[in-house]
Amino acid sequence: MKKITAIIKPFKLDTVREALTSLGIMGLTVTDVKGFGRQKGHTELYRGAEYVVDFLPKSKIELVVADEQCDKCVQTIIEAAHTGKIGDGKIFISEVSKVVRIRTQEEDEEAL
């Protein structure tokens, strides 16, 4: 099993969720996060004062999928989150050794 963590622009969240749902993904976790990469923030003007915004708002999506679904999910996230502009985000993939559904005690792929 693989854990896919995607950091994307917040306005692309619904598009990505709908695309993953169309693949049959039943569950995912979304967290509002802040961060920066090559964008390195930006300056804004508020009530005549200029200030630097170091951390930009992003959405973090986490899901665990079977190994054979991983590549398709990653490609779907890329297509749905892509704008072609800096700050589109990143996807991280890691191994998951075990999953347990608390309610039924199902394990591994049965628990997904």
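Biologist: Which residues have the most contacts inside the largest nonpolar core?

Modeller: They are Ile4, Val16 and Leu63, in a core of 17 residues. This is a predicted model, in which local features need pLDDT of at least 70 and side-chain atom pairs count only at pLDDT 80 or more, while totals for chains, interfaces and linings use all residues. Residues are numbered from 1 along each chain as its sequence is written, and side-chain values use heavy atoms, with hydrogens and water left out.

Biologist: What makes a set of residues a nonpolar core?

Modeller: The set must consist of buried Ala, Val, Leu, Ile, Met, Phe, Trp, Tyr and Cys residues joined through side-chain atoms within 4.5 Å. Two or more residues of this core come from each of β1 (2-8), α1 (13-22), β5 (56-65) and α2 (67-81), and α2 gives the most, with 6 residues. Here helices (H or I, at least four residues) and strands (E, at least two) are DSSP runs, numbered from the N terminus.

Biologist: Why is Lys9 called buried?

Modeller: Lys9 has a relative accessible area of 13%. Buried means under 20%, exposed over 50%, and partly exposed in between (1.4 Å probe, protein chains only); Lys9 is therefore buried. Lys9 is found in the loop between β1 and α1, and its side chain reaches the backbone oxygen of Ile86 at 3.5 Å.

Biologist: Why does Gln105 count as exposed?

Modeller: Its relative accessibility is 55%, so Gln105 counts as exposed. Gln105 is found in the segment after β6 (89-95) and has a positive phi of about 60 degrees although it is not a glycine.

Biologist: What makes Asp108 partly exposed?

Modeller: Asp108 is partly exposed because its relative accessible area is 29%. Asp108, too, has a positive phi, of about 55 degrees, although it is not a glycine.

Biologist: Which residues of α1 and α2 meet?

Modeller: Thr15, Val16, Ala19 and Leu20 in α1 meet Cys73, Thr76, Ile77, Ala80 and Ala81 in α2, where contact means heavy atoms within 4.5 Å. The residues of this contact divide into 7 nonpolar, 2 polar and no charged. In this division, Ala, Val, Leu, Ile, Met, Phe, Trp, Tyr, Cys and Pro count as nonpolar, Asp, Glu, Lys and Arg as charged, and the others, Gly among them, as polar.

Biologist: At what angle do α1 and α2 pack?

Modeller: The angle is about 145 degrees, and the axes of α1 and α2 are 9 Å apart. Axes are lines fitted to C-alpha atoms, for helices over the stretch in contact, and angles run from 0 to 180 degrees between N-to-C directions.

Key:
Polar contact = N/O pair within 3.5 Å; in protein donor to acceptor, adjacent residues only side chain to side chain.
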